[in-house]
Amino acid sequence: MCPPTIDLCCVAHKLEGSAIALGAQNCYWEASGAYTGETSVPMLKSAGCTYCIIGHSERRDYFHETDEDQNKKAKALVAGGIVPVFCCGEPLEVREAGTYVEHVVAQVKAGLAGLEITDPAQLVVAYEPSGHRHRHDRHRRRRPGGLRCRPRGSRRALRRRAGRRHPCPVRWLRQARQHRRARGQARRRRCLVGGASLKAEDFSAMVVKAAE
């Protein structure tokens, strides 16, 4: 569960003794310094976080974060003992242009460059296309179950980087949305639940399906 930063300590207290892990929605790669308003990895660790989302499409789109930024965050998180939930995905115009595989593979390669991953527990990759966020775009209306779109090329890229011992040393997530089909998909797939978690009834239904 990844609440806003201001709620981390409160949620950590509520989750004590449960099997639910705590995660943050963002971090900064420097451990200390004059970075007013940023949250460092040691700060997240002290709050009880074991996961942290990085590279979310909204961070890329609205705050102009780059793949290099995500790479710094990923390295800082792994070094600090927190599992990065690395988001990748194409904007709508890239998908419509037919170059989404190359786009996502480039994100994965740049964002995870130099990251030593030897255990699947060290990293989670979430396929989260930014174009699907927009409520009224025609692509989302046509593909409410777009969870199946994760390009195979990015998986092959990770396999080549990891070598034979670890065929694909990451856990994949797909984005879930407020839609009936997403509830069914949550039962058989790991999902990154964003806006669908804002309504308790919808989120509870997805959790129940995933636990079946």
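1. Basis. This is a predicted model, in which local features need pLDDT of at least 70, side-chain atom pairs count only at pLDDT 80 or more, and totals for chains, interfaces and linings use all residues. Residues are numbered from 1 along each chain as its sequence is written, and side-chain values use heavy atoms, with hydrogens and water left out.

2. Count. A salt bridge here is a side-chain nitrogen of Lys or Arg within 4 Å of a carboxyl oxygen of Asp or Glu. The rule gives 4 salt bridges.

3. Glu65 and Arg59. These two form a salt bridge, with the closest N and O atoms 2.9 Å apart. Glu65 is buried at a relative accessible area of 13%. Arg59 is partly exposed at 23%. (Buried is under 20% relative accessible area, exposed is over 50%, and partly exposed lies in between; 1.4 Å probe, protein chains only.)

4. Glu65 and Lys73. Glu65 also pairs with Lys73 in a salt bridge, and the closest N and O atoms are 2.9 Å apart. Lys73 is buried, with a relative accessible area of 2%.

5. Glu90 and Arg95. This salt bridge has its closest N and O atoms 2.7 Å apart. Glu90 counts as buried at 1% relative accessibility. Arg95 counts as buried too, at 13%.
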